[in-house]
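Biologist: Please take a single part of this model and go through it closely. I would like to know what surrounds that part and how the rest of the chain is arranged around it.

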Amino acid sequence: MTHQALMAETLQHMYNGEPWLDVTLMEHLSKMDASHATRRLNGSNNTWELLNHLIYWHQNVTRKLSGVKTEQEGDLPDFYLPENCNDENWDATLHRFHHSLEQMMNTIRNYPGQKLFDVVPGTQHTAYFYMQGILSHVAYHLGQIVLLRKYANIN
């Protein structure tokens, strides 16, 4: 198995598989509605903002690794929270998150192995650095989402 295939699989497991962490994003996100997703703990970001933050960075890294130079790094601002926080918009955010993960996994899986440790043009880091960063980033925010759900008493 290639480095890229292993990293894409790890990302898939954290989303909705059997990760080493023993928790997945979907097992927690699927039990939330819009009111749950907007709850804060002592001034923290809420789950909705965290999810949009993950989407933002998936798009950012996907663009970097695909060689796309854009003026905007994500399609919405980082940590975006819509004005209308209803269940329809929450479902749309979950769909966008799934789509951003699919794009990220495909970008990682299909990245040329011979370029994995080369600096990505227009950046200061290697493709491997960005891919590992995405995995660490998702794991970190997964922990925050788990704690937000736990302390908000969301069953």
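Modeller: The expected span of a helix is 1.5 Å times one less than its number of residues. The model is predicted, and the part I take is helix H5, residues 87–109. With 23 residues, H5 reaches 33 Å from its first C-alpha to its last, close to the 33 Å expected at 1.5 Å a residue. The N-terminal end of H5 is capped by Asn 86, which has a side-chain oxygen 3.1 Å from the backbone nitrogen of Glu 88.

The buried residues come next. In H5 they are Trp 90, Thr 93, Leu 94, Phe 97, Ser 100, Leu 101, Met 104, Met 105, Thr 107 and Ile 108. An α-helix has 3.6 residues a turn, so residues three or four places apart point the same way. The cover over the buried residues of H5 includes helices H1 (3–16), H2 (25–29), H3 (34–37), H4 (47–66) and H6 (127–151).

The packing can be followed through the largest nonpolar core, a set of 37 residues. Leu 11, Leu 29, Leu 65, Trp 90, Phe 97 and Met 131 have the most contacts inside this core. H1, H2, H3, H4, H5 and H6 are the elements that give two or more residues to the core, and H6 gives the most, with nine residues.

Leu 11, in helix H1, is buried with a relative accessible area of 0%. Not counting residues up to four places away in sequence, Leu 11 touches Leu 101, Met 104, Met 105 and Ile 108, as well as Ile 134, Leu 135 and Val 138. Leu 11 and Trp 90 are 79 residues apart along the chain, and their C-alpha atoms are separated by 22 Å.

Beyond its neighbours within four places in sequence, His 137 is in contact with His 53, Leu 54 and Trp 57.

The model has five aromatic pairs. One of them joins Phe 117 and Tyr 128; it is tilted, at 5.1 Å centre to centre and 35° between the planes. Phe 117 lies in the loop between H5 and H6 and Tyr 128 in helix H6, so this pair ties together parts that are 11 residues apart in sequence. Tyr 128 is partly exposed, at 27% relative accessibility. Phe 129 and Tyr 130 form an edge-to-face pair, 5.6 Å centre to centre with 80° between the planes. Phe 129 is partly exposed at 44% relative accessibility, whereas Tyr 130 is buried at 12%.

Phe 79 has a positive phi, near 60°, in a residue other than glycine, and it is partly exposed at 29% relative accessibility. Asn 42, in the loop between H3 and H4, also has a positive phi, about 50°, although it is not a glycine. Asn 42 is exposed, at 80% relative accessibility.

Methods:
Residues numbered from 1 in each chain as written. Predicted model: local features only at pLDDT ≥ 70, side-chain atom pairs only at ≥ 80, totals over all residues. Heavy atoms only, no water. Helix = DSSP H or I, 4+ residues; strand = E, 2+ residues; numbered from the N terminus. Buried < 20%, exposed > 50% of the residue type's maximum accessible area, 1.4 Å probe, protein only. Contact = heavy atoms within 4.5 Å. Polar contact = N/O pair within 3.5 Å; in protein donor to acceptor, adjacent residues only side chain to side chain. Phe/Tyr/Trp six-rings, centres within 6.5 Å; stacked < 30°, edge-to-face > 60°. Core = buried A, V, L, I, M, F, W, Y, C linked by side-chain atoms within 4.5 Å.
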